[in-house]
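Open the model in your viewer and switch to a cartoon view. Keep the selection panel at hand.

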2 protein chains.
Amino acid sequence: MALEAISENVCFGGVQGVYTHGSSACSCPMTFGLYLPPAANTGQKVPVIWYLSGLTCTHENAMIKAGAQGWAARHGVAVVFPDTSPRGENVADDPEYDLGQGAGFYVNATEAPWAPHYRMWDYVTEELPELLFHEFPLDPEAQGITGHSMGGHGAMTIAMTRTGTYRSLSALAPIANPTESDMGRRQFAAYLGSDRALWRAHDSTLLMRESPFPGPILVDQGDADPFIENLRPEALAEAVAVSGQDARIRRHPRYDHSYFFVASFMEDHIRHHADILHGR
Amino acid sequence: MALEAISENVCFGGVQGVYTHGSSACSCPMTFGLYLPPAANTGQKVPVIWYLSGLTCTHENAMIKAGAQGWAARHGVAVVFPDTSPRGENVADDPEYDLGQGAGFYVNATEAPWAPHYRMWDYVTEELPELLFHEFPLDPEAQGITGHSMGGHGAMTIAMTRTGTYRSLSALAPIANPTESDMGRRQFAAYLGSDRALWRAHDSTLLMRESPFPGPILVDQGDADPFIENLRPEALAEAVAVSGQDARIRRHPRYDHSYFFVASFMEDHIRHHADILHGR
């Protein structure tokens, strides 16, 4: 299935689009949002920030709630909002919100019943980039990646694994150490099987201890986040300390896990990426 | 029923709350959103902007999509997001989206079956202000009012009628001349009856011709708005011209009627109100 535009709305002088396409990685139709800033109106290639969303989200939540477009317009960067899992009646699911549809965890599942569709790692790092750089005026040499919660986990693990691809990295309230968390162990066991050695590639705290991201990272975390015990920011902070990762980890009193938290710090994240991607 | 907090989330250093209370004007429970900026954290009274929403909206749409909180925080103003109608199983409704629940049109209905609950004029201009100024640190001497679509209609008619109460006024894609529009005639006939003389009090174009708002107003309108024939911005522009209303009416090529349009110009609207309400 070719790329199909679901909607395109002018926003801060650029265009917020929603598109669907047949995914070979996920073996189902996939929908994503893409914000192109005014700088792209003339077809000029612009840097792109990948925004990976959290549990239960589709492509839409951050697109309408995070307030990213205004800052992306000002800084001349695009933002792509992928979905968080394969979807459809024929796609395996789980009654709980934190496994199955809406909870892909940015891995390639190897286990039944997940393996046929749950290949979000390949989708986000290979198939969707190939499609985007073919169809839109985006600069493949200027990619950054960020995300919220499960999406922060995805952003960090992807960026630390494929360091040649992503030049800038940040995260908002990421699931930072999923192999030691109830937000991670159950899902990795389901998607990847019981061999915990295979989980390590998807734990940003463990990855950082071995090989930090080659650049400064920005991580924001609310102190009133009800999921903080499962996000494990202190494990990430320790990995930063022992690995020498160049990092700014900010703790924000009173902030929770909602998009009201995400929106409050979106300006800083867009600027973090734009400064690096524009080489300024 | 006393005021009950449904949720409170820290946002841009202030608090985005959602509250419910029993409304005597509407004879049902009513829910609203209130953003208090950081300037109010110590209990200091801050100016307040009323944001009236459009057809189909609840208190929530603008609260999560319009991106108002960041600008309200910077400018030290509160924003209140009322619902757009009474609601509930015992409240009259209509199968169409543009009449009944979600479509109160900011009038006091006099006709059956609407009269018992549809008193949004009284709710927004009397009951909710009384509650808010009693419960929250808001300055009743520094009120502005704005809105989108049906809410722009509400904001303009209310401000031009109660000029002693609202010191600043703006609107986004307002239904500007409802007595000559399919977005107005059917609803006014239902809520107010067939005597068109009674409709005049709820048509901002007609009100402005008789008595302009005593201050500068800001109105934004997208040229690609699919509802533009029913919004009738040209009638409003003519009323501005003949009345001498101090107005900045901006037409924006390519923009539609969505919240992506609203969010794009929210900064300007918050600043318009804040400059007046802070006396700067």
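The tour goes from the sheet to a helix lying across it, and then to a pair of helices.

Bear in mind that this is a predicted model.

**Stop 1: the sheet.** Select the strands of chain A. Nine of them form an open sheet with mixed pairing, in the order 1-2-3-5-4-6-7-8-9. Now colour strand 1 (4–11) and strand 9 (247–252) of chain A. Each stands at an edge with a single partner strand, so one side of each has no neighbour in the sheet. On average, neighbouring strands of this sheet are turned by 20° against each other, direction ignored.

**Stop 2: a strand pair.** Select residues 46–52 and 138–147 of chain A. These are strand 4 and strand 6, which pair in the parallel sense over six bridges. Which residue in strand 6 is its bridge partner? It is Thr146(A).

**Stop 3: the helix across the sheet.** Select helix 9 (residues 259–277) of chain A. Helix 9 lies across strands 4, 5, 6, 7, 8 and 9 of chain A. Its direction is at about 165° to strand 7 (166–172).

**Stop 4: two helices.** The crossing is right-handed.

Now show side chains. From helix 2, Ala68(A), Trp71(A), Ala72(A) and His75(A) take part in the contact. Helix 9 brings Met266(A), Glu267(A), Ile270(A), Arg271(A) and Ala274(A). By class, this contact has six nonpolar, one polar and two charged residues.

How values were computed:
Residues are numbered from 1 along each chain as its sequence is written. Chains are lettered from A and ligands numbered from 1 in the order in which they are written. This is a predicted model: local features need pLDDT of at least 70, side-chain atom pairs count only at pLDDT 80 or more; totals for chains, interfaces and linings use all residues. Side-chain values use heavy atoms; hydrogens and water are left out. Two strands pair if DSSP finds at least two bridges between them. Helices (H or I, at least four residues) and strands (E, at least two) are DSSP runs, numbered from the N terminus. Axes are lines fitted to C-alpha atoms, for helices over the stretch in contact, and angles run from 0 to 180 degrees between N-to-C directions. Contact means heavy atoms within 4.5 Å. A crossing is left-handed if the near helix is turned anticlockwise from the far one by less than a right angle, and right-handed if clockwise. Ala, Val, Leu, Ile, Met, Phe, Trp, Tyr, Cys and Pro count as nonpolar, Asp, Glu, Lys and Arg as charged, and the others, Gly among them, as polar.
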